[in-house]
Amino acid sequence: MAAAPAVGTAAGTGRSARLGPWGAFLVRRLVGLTAVAVTLVAGTFLMVQLIPGDPARVVAGAEATPADVELVRHDLGLDQPLLVRFGTYTSGLLRGDMGTSFQTQEPVAEIIGGRLPFTAEIALLAVLVVLGLAVPIGLAAAARGSRRTDASFTFVTGTVGATPEYIIGTLLVLGFAIELGWFPAAGAETLVSMVLPVAALVLPATCVMARIVRSEATHVLAQDYMRTARGRRLPPLRLYARHALPNLLTATLTLGGLILAGLLGGTVVVESVFAWPGIGQRVVEALLVRDYPVIQGCVLILGLLAALLNLLVDVVLALLDPRTLAGKGGR
């Protein structure tokens, strides 16, 4: 009886050995990504079905008769049982068909294809800016280490980090678009139009991530090897860039990956505030008219993008710290 687990373990070890550390790592992450995708498909479908209201009534119009509403409901397939609709939805996804908008009769895939580049622009730029700001700010706060600096850093990052994106976005519009006139208040006509939406995403995320960097940097700077490096009187830039930064990035990215993925959720609100023509704004529009296929498609794509971002963070972590390739050492 005790031999069976040993055989299974040996077989698993043999497969891992054939794949190699990176192969086994990527297989585990892709299996996890597949599980996330399946969960997202089921979750978004069921979530949308729980939205109150009748989309057939919205599509038919306020003046439609009950017979007209029933005809629209039949045309939209809403009179089918829930399991039949879910089967139709999933089989369509496997063929690359995300359905057709109830409101405009456009293919959902085309709607998302036209909106995705706008969301990708501000989301990717926000990720780069957050990483570019949070790491040096957090490291500098840890390096200073004075009581006044700590108090100011904690107050500012705590206040801004806890402020919702839509409030920050509204304040940015009032200050920099309406009062000063430096940036457009809405739209995506020029590159300058990206400044305020990206800032609304970046400010709270940078503050939260900077606090994580500072906490990790404080721990790293207290280690013996850092004291030894200081004793050698290395230049500050070399001291922090060569000795401190590589050792704090692993833990920072482990937690920071969740924050960066959360930026995609923030785009839904920010795009509505700035009338940015991305997926997030389209989700809000679809919710108002209960356009099920559009809601499902947009939420599914945003969820998959967040999962892919987490996968990218895992790969970066594995490059920085090969110990995470062992499986349980990863996130």
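**Figure 1. Helices H5 and H6 pack with their axes within 8 Å.** The view is taken from a predicted model. H5 spans residues 108–144, and H6 covers residues 147–161. Their axes cross at roughly 150°. Angles over 145 degrees count as roughly antiparallel, so H5 and H6 are roughly antiparallel to each other.

**Figure 2. Side by side: the residues that join H5 to H6.** From H5, the contact takes in Ile137, Ala141 and Arg144. H6 answers with Thr149, Asp150 and Phe153. By class, three of the residues in this contact are nonpolar, one is polar and two are charged.

Figure 3. The disulfide count for the model is zero. A disulfide is a covalent bond between the sulfur atoms of two cysteines.

**Figure 4. The fold around these views has 12 helices and zero strands.** From the N terminus on, the elements run α-α-α-α-α-α-α-α-α-α-α-α. The protein has 331 residues, and 38% of them are buried. Among contacts with a separation of 6 or more, 73% link residues 24 or more positions apart.

Terms used: Residues are numbered from 1 along each chain as its sequence is written. This is a predicted model: local features need pLDDT of at least 70, side-chain atom pairs count only at pLDDT 80 or more; totals for chains, interfaces and linings use all residues. Side-chain values use heavy atoms; hydrogens and water are left out. Helices (H or I, at least four residues) and strands (E, at least two) are DSSP runs, numbered from the N terminus. Buried means under 20% relative accessible area, exposed over 50%, partly exposed in between (1.4 Å probe, protein chains only). Contact means heavy atoms within 4.5 Å. Axes are lines fitted to C-alpha atoms, for helices over the stretch in contact, and angles run from 0 to 180 degrees between N-to-C directions. Angles under 35 degrees count as roughly parallel, over 145 as roughly antiparallel, 65 to 115 as roughly perpendicular and the rest as oblique. Ala, Val, Leu, Ile, Met, Phe, Trp, Tyr, Cys and Pro count as nonpolar, Asp, Glu, Lys and Arg as charged, and the others, Gly among them, as polar. A disulfide is a pair of cysteine sulfur atoms within 2.5 Å.
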